[in-house]
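Please look over the chain shown here.

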Amino acid sequence: MPKKQKAKLKLLGEVIEALRTAINARRRSHIRYRLSQADALIRALPAELVTEQSKQLSLLRKRVKESKKTVPQGAKTGKSKTSSRSTGKKPPAKSAQRPKPQATPVRELGDRFINRAALGYAPTDKE
């Protein structure tokens, strides 16, 4: 976060614009991040300087709440898959499921000893 008030005000304007873009694109994670970023900037600035920005933020929050009511969170928007796909080979039908491979048995390794001297953990000089 910038230290000077002028820079904070400029950043707040940029954050509000980015928030509008995120709302229009319905990017939920971006919306939450930008809202928290704008809240932090508003708290860091004097109230008389940010009255206009706080009004804009409250309007944007209302838009977010309205969009949550109308569009479910998991809903997909945009083109359907068939219209964007070029005419060519169709994928095979998913009627037959493949059998799951069985787990291979674990080999028994027995008792193994590690040569610690070769790895440098034991003293090399033998008396």
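The report below covers confidence, fold, core, salt bridges and surface.

**Model and confidence**

This is a predicted model, in which local features need pLDDT of at least 70, side-chain atom pairs count only at pLDDT 80 or more, and totals for chains, interfaces and linings use all residues. Residues are numbered from 1 along each chain as its sequence is written, and side-chain values use heavy atoms, with hydrogens and water left out. The mean pLDDT of the chain is 78, where pLDDT is the predictor's confidence in each residue, from 0 to 100. A value of 70 or more is reached by 65% of the residues. Among the elements, helix 2 has the highest mean pLDDT (91) and helix 4 the lowest (58). Where pLDDT is low, the predicted coordinates should not be read in detail.

**Fold**

The chain has five helices and zero strands. Helices (H or I, at least four residues) and strands (E, at least two) are DSSP runs, numbered from the N terminus. The pattern along the sequence is α-α-α-α-α. Of the contacts with a separation of 6 or more, 67% join residues 24 or more positions apart. Contact means heavy atoms within 4.5 Å.

The chain has 127 residues, and 17% of them are buried. Buried means under 20% relative accessible area, exposed over 50%, and partly exposed in between (1.4 Å probe, protein chains only). The chain exposes about 11800 Å², with 52% supplied by carbon and sulfur atoms. Accessible areas come from the Shrake-Rupley method with a 1.4 Å probe; for residues, only the protein chains shown count as cover.

**Core**

The largest nonpolar core holds 15 residues. Such a core is a set of buried Ala, Val, Leu, Ile, Met, Phe, Trp, Tyr and Cys residues joined through side-chain atoms within 4.5 Å. Leu12, Leu19, Ile23, Ile31 and Leu57 touch the most other members. Helix 1, helix 2 (28-44) and helix 3 (51-70) each supply at least two residues of this core. Helix 1 gives the largest share, six residues. In soluble globular proteins, nonpolar side chains tend to be buried together.

Leu12 sits in helix 1 (residues 5-25). Leu12 is buried, at 0% relative accessible area. Beyond its neighbours within four places in sequence, Leu12 contacts Ala38, Leu41, Ile42, Leu45, Val50 and Gln53. The C-alpha atoms of Leu12 and Ile42 are 7.8 Å apart, although 30 residues separate the two along the chain.

Leu57 reaches Ile16, Leu19, Leu35, Ala38 and Ile42, not counting residues up to four places away in sequence. Gln53 belongs to helix 3. Gln53 is buried too, with a relative accessible area of 17%. Leaving aside neighbours within four places in sequence, Gln53 contacts Leu9, Leu12 and Ile16.

**Salt bridges**

How many salt bridges are there? The count comes to two. The rule asks for a side-chain nitrogen of Lys or Arg within 4 Å of a carboxyl oxygen of Asp or Glu.

| Salt bridge | N to O distance |
|---|---|
| Glu17 and Arg20 | 2.6 Å |
| Asp39 and Arg61 | 2.4 Å |

Glu17 and Arg20 are three residues apart in helix 1, so about one helical turn separates them. Glu17 is partly exposed, at 46% relative accessible area. Arg20 is partly exposed as well, at 24%. The other pair has Asp39 in helix 2 and Arg61 in helix 3, so this bridge ties together parts that are 22 residues apart in sequence. Asp39 is partly exposed, at 26%. Arg61 is also partly exposed, at 29%.

**Surface and backbone**

Ile114, Leu119 and Tyr121 form a nonpolar surface patch, with about 390 Å² of accessible area together. Patches are made of residues with over 30% relative accessible area and no salt bridge: like charges are joined within 9 Å, nonpolar side chains (Val, Leu, Ile, Met, Phe, Trp, Tyr) within 5 Å. Ile114 lies in the loop between helix 4 (81-84) and helix 5 (116-119). Ile114 is exposed, with a relative accessible area of 65%.

Arg26 is in the loop between helix 1 and helix 2. Arg26 is partly exposed, at 47% relative accessible area. Its phi is positive, about 60 degrees, although Arg26 is not a glycine. Most residues other than glycine have a negative phi.
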